[in-house]
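Me: I have a protein model open and want to learn how to read it. Could you take me through it step by step?

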Amino acid sequence: MSARLALAAASSMTLCSLAARAMADDPSEPSPPDGATEVEVRGTRPLPRSARDPSGASRVVRGERLRAPGATAAEVLAEVPGVQVARSGSAADLATASIRGATSAEIPVYLAGVRLNDDVTGIADLSLVPLWMLDRIEVHRSGAPADADRMGIGGAIFFEPRLPANDRAGAGLGVGSFGERAAWAAAELGGRGAGAMVGVRGQRANNDYPYIDDRGTTATDADDFERRRPNADYEQWDVWSIGRVTAGAARLTTVVNGLAREQGTTGLGVIPASAARTRVQRGLGAVSASLPCAGDDSCRLEVGTAAVVTRTRLDDPQRELGLLTTSVDTSGARLGERARVELRLRDSWTVGAGVSQDLERLGIDERDGASLRARRAVTRAAASLALSPAPWMELGALGAVERHGTTAALGVGQSWTEDDDTVTVPAGRIGARVSPYPGWALFANAGRYARVPTLGERYGVSAVVRGSPGLEPERGTTVDAGTALDLGDARVSFAAELFAFARFADDLVAYRASSFGMVRPYNVASARLLGVEAAAALALASRLRLGLALTATDPRDVTAGRALGNDFLPFQARLVVAPEAELGAGPWPALGVHRASVGARLLYRASRAADPPGLIVLPAQAPLDLHAAAFFHRGRLALRLAVSDVLDEPLHDAVGLPLPGRSFHGSTEVWW
């Protein structure tokens, strides 16, 4: 879907939502107060959890963290306990997330309720998730909640957009280092009965940041030199349209998002490409409804339809990327239907059942080379049970059966090879939450899973992430247990949590780097991952906040008789520590300042092996970031500044690709 088509679709959806608002809005219902920029006041619940899964480990990120200039989805997620991200360059380059050692293809990622990493593309590219229209990010680490359409081996990530609530309009500008520029505008009409919102954003950057070219050696040599990253510029447009209608106990929500990006493909840090270019287009839309299926609220039915279409074209006219072709076209499409009913048998018992059907297609065409045509149909049936035998206890269970039917055809010229595969996999999880005293809770979860390799893992999704057709389904067991403490009031609050987790897998799907700068999946016959997550936060009203997140993991290949001396799984840092501090002040009516804040964040990540033998090592890194913000006129006007990697530490990620060093970012937004 092109940017023009996405804009047209968004506009039409908004007009429909506005018409529904005119018919459904109830003037007798008071509207929320006239909103402006969301200024997060951190007085209570400094470590907020999601209500989607009461027994699981979760974290909600919202407010100012999503508005920081220059911030990306990958950077925000990297600060959540249990999450590790892999980046391949600037904000416009491929970035993926791992939770508790599970790969990106094992973590369902949802944007406005639409799963991005469907079975066609396999992974979810976080660089294609815009933060500017989001209300919050929910990270689930014990498994996916009951309303997700996949179990989620390591968990699930939900990017939830802002819903229209007021009649207002807003606009903003952003600038930064290396030619970064951005502008956006949004308008919304809303009340309790209905609402509609439309927004559009454009951004671009040169991304010609400096880095050290070590000529492929790990030691500091006299021939190392500084160079600027070439051919890394990008331009991106994305548009949102969101509508909602509420009539009594029934709700209807519509979401459309279109994104188009054109960028240079720089290749490796040692051997950069100067002429390769990539164009990405994505359109997604969803319609969901929730309505009572009985005279009271004891029964509720939820239905929805979602679609996502992607297309990527990579042009390499000088064959600089080593792809043995001058262009690659990749297209994917997915249509999903789902229905779920929840029945409350009594005040403490709730049962649910749901079915879903996904149809997905993948096409890859290399000029004068190989082609791939693949499709997959996934039928899923799931059931859930939630009960609370006592006010201080919550129990839950979730089970699902998935049937994956895959058809693929590989061809070179006139010769084609077909592959058919149908696999049925069960999965389930049980969990418990006990609260012996107010503000203190204990958690426990155990699950069994099985996962079919995605089409992307079998056949590849990009020039950097290649495929392995012979992958076997992965099966395993996950367990976790933890405790959380949440004390205080609006003046002083303290929160802490501690979780221990374990995962035991057969035929684990992991990734390894090659000497050509690519990563490829492979099966680890037997693997186990042990870990600990800890977090703590102290908030003194809206004046001071101190926070710390820590993740320690021990990921090992425990295959019997393995010959390699290194048994650590690739791309898993054994220690990640993320401390932060923020100081706030205000208001100062004489100066027109509603609130002001300054803060700092550090993200330490230990070294990681990038291949099974441990010969390729990505060094430890600890970038320090600073940020400041000021709000005026009751928060309607916001000014924000940020400095990333203040100490200009050399940063590398993924397969050793250089990341931006010290950079400056600024933004302003106004609502009226």
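Reply: We will go from the whole chain to single residues and pairs.

Reply: This is a predicted model, where local features need pLDDT of at least 70, side-chain atom pairs count only at pLDDT 80 or more, and totals for chains, interfaces and linings use all residues. Residues are numbered from 1 along each chain as its sequence is written, and side-chain values use heavy atoms, with hydrogens and water left out.

Me: How many helices and strands does the chain have?

Reply: Helices (H or I, at least four residues) and strands (E, at least two) are DSSP runs, numbered from the N terminus. The chain here has three helices and 36 strands.

Me: What share of the residues is buried?

Reply: Buried means under 20% relative accessible area, exposed means over 50%, and partly exposed is in between (1.4 Å probe, protein chains only). Of the 672 residues in the chain, 52% are buried. The chain exposes about 28,100 Å² (Shrake-Rupley method, 1.4 Å probe; for residues, only the protein chains shown count as cover). Carbon and sulfur atoms supply 61% of that area.

Me: What share of the contacts joins residues 24 or more positions apart?

Reply: A contact means heavy atoms within 4.5 Å. Take the contacts in the chain with a separation of 6 or more: residues 24 or more positions apart account for 64% of them.

Me: Which residues touch the most other members of the largest nonpolar core?

Reply: In soluble globular proteins, nonpolar side chains tend to be buried together. A nonpolar core is a set of buried Ala, Val, Leu, Ile, Met, Phe, Trp, Tyr and Cys residues joined through side-chain atoms within 4.5 Å. The largest one has 53 residues, and Leu77, Ile137, Ile157 and Phe159 touch the most other members. Helix 2 (residues 73-77) gives the largest share of this core, four residues. A second, separate core has nine residues, including Leu314, Val328, Ala408 and Leu455.

Me: What does Ile137 touch?

Reply: Leave out residues up to four places away in sequence. Among the contacts of Ile137 are Val76, Leu77, Ile157 and Phe159. Arg59 is also one of them.

Me: Which residues make the nonpolar surface patch?

Reply: A patch is made of residues with over 30% relative accessible area and no salt bridge; like charges are joined within 9 Å, nonpolar side chains (Val, Leu, Ile, Met, Phe, Trp, Tyr) within 5 Å. The patch here covers about 800 Å², and its residues include Tyr437, Trp440, Val492, Phe494 and Leu546. Strand 22 (440-451), strand 23 (474-488), strand 24 (492-513) and strand 25 (519-540) each supply at least two of its residues. Look at Val492, which lies in strand 24. Val492 counts as partly exposed because its relative accessible area is 42%.

Me: How many salt bridges does a search of the whole structure find?

Reply: Side chains of opposite charge can pair when their charged atoms come close. A salt bridge is a side-chain nitrogen of Lys or Arg within 4 Å of a carboxyl oxygen of Asp or Glu. The search finds 42 of them. In one, Arg601 meets Glu79 at 3.9 Å, N to O. Arg601 lies in strand 28 (residues 593-602) and Glu79 in the loop between helix 2 and strand 2 (83-87), so the pair ties together parts that are 522 residues apart in sequence.

Me: Are Arg601 and Glu79 buried or partly exposed?

Reply: Arg601 is buried, at 10% relative accessible area. Glu79 is partly exposed, at 21%.

Me: Where do Glu533 and Arg100 lie?

Reply: Glu533 forms a salt bridge with Arg100, with the closest N and O atoms 2.8 Å apart. Glu533 lies in strand 25, and Arg100 in the loop between strand 3 (95-99) and strand 4 (109-111). The two are 433 residues apart. Both Glu533 and Arg100 are buried.

Me: Which cysteines form a disulfide?

Reply: A disulfide is a pair of cysteine sulfur atoms within 2.5 Å. The search of the whole structure finds one. Cys293 and Cys299 form it, with sulfur atoms 1.8 Å apart. The link is left-handed, with -90° about the S-S bond. Cys293 is partly exposed, at 39% relative accessibility, whereas Cys299 is buried, at 11%.
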